[in-house]
Amino acid sequence: MMAERAQISLATVVLDCPDAHALADFYRRLLGWEVKYSEPDWVLLGCPDGGTGLSFQSEPGYQTPVWPERPEEQQKMLHLDLRVDDLDGAEAYAVAAGATRAAVQPQDDVRVLLDPAGHPFCLFLP
């Protein structure tokens, strides 16, 4: 018999990286979100409309993931899917903000980019 379910909700997704403040600044500019909380090695961004936050934690041993994945190399743990209204415009904006276009693009209607710490993220049309 299971215990009564406790109140549980997702507050944030945390991306490990070499410099929490630098990566948070990239996503702050990319998404237009604001810094809600900041410590020396951790930053929380919040969407102005509310909802789940996005956090960044400095990790001294951080290893950049490779994409697409290759055996025996650092694997990504997750990736972000970002809905956009203009794929070409959003890609250009992300690159100007510091992203890099991934060499492999598996679909015509999705763009895979890498943030400054090497995490892959996807831009897609609804």
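Mentor: Start with arginine 101, which stands opposite leucine 113 in S7. This is a predicted model, where local features need pLDDT of at least 70, side-chain atom pairs count only at pLDDT 80 or more, and totals for chains, interfaces and linings use all residues. Residues are numbered from 1 along each chain as its sequence is written, and side-chain values use heavy atoms, leaving out hydrogens and water.

Trainee: How many bridges join S6 to S7?
Mentor: Strands here are DSSP E runs of at least two residues, helices H or I runs of at least four, numbered from the N terminus. Two strands pair if DSSP finds at least two bridges between them. S6 and S7 (residues 110–114) run antiparallel and are joined by 2 bridges. They belong to an open sheet of 4 strands with mixed pairing, ordered S5-S8-S7-S6. Its edge strands, S5 (80–83) and S6 (100–101), each pair on one side only.

Trainee: And how do I read two packed helices?
Mentor: They are described by the angle between their axes and the distance between the axes. Axes are lines fitted to C-alpha atoms, for helices over the stretch in contact, with angles from 0 to 180 degrees between N-to-C directions. The axes of H1 (residues 20–31) and H2 (residues 87–97) come within 10 Å and cross at roughly 150°. That makes H1 roughly antiparallel to H2 (an angle over 145 degrees).

Trainee: Which residues in H1 and H2 meet?
Mentor: With contact meaning heavy atoms within 4.5 Å, Phe26, Arg29 and Leu30 in H1 meet Tyr93, Ala94 and Ala97 in H2.

Technical notes: Parallel < 35°, antiparallel > 145°, perpendicular 65-115°, else oblique.
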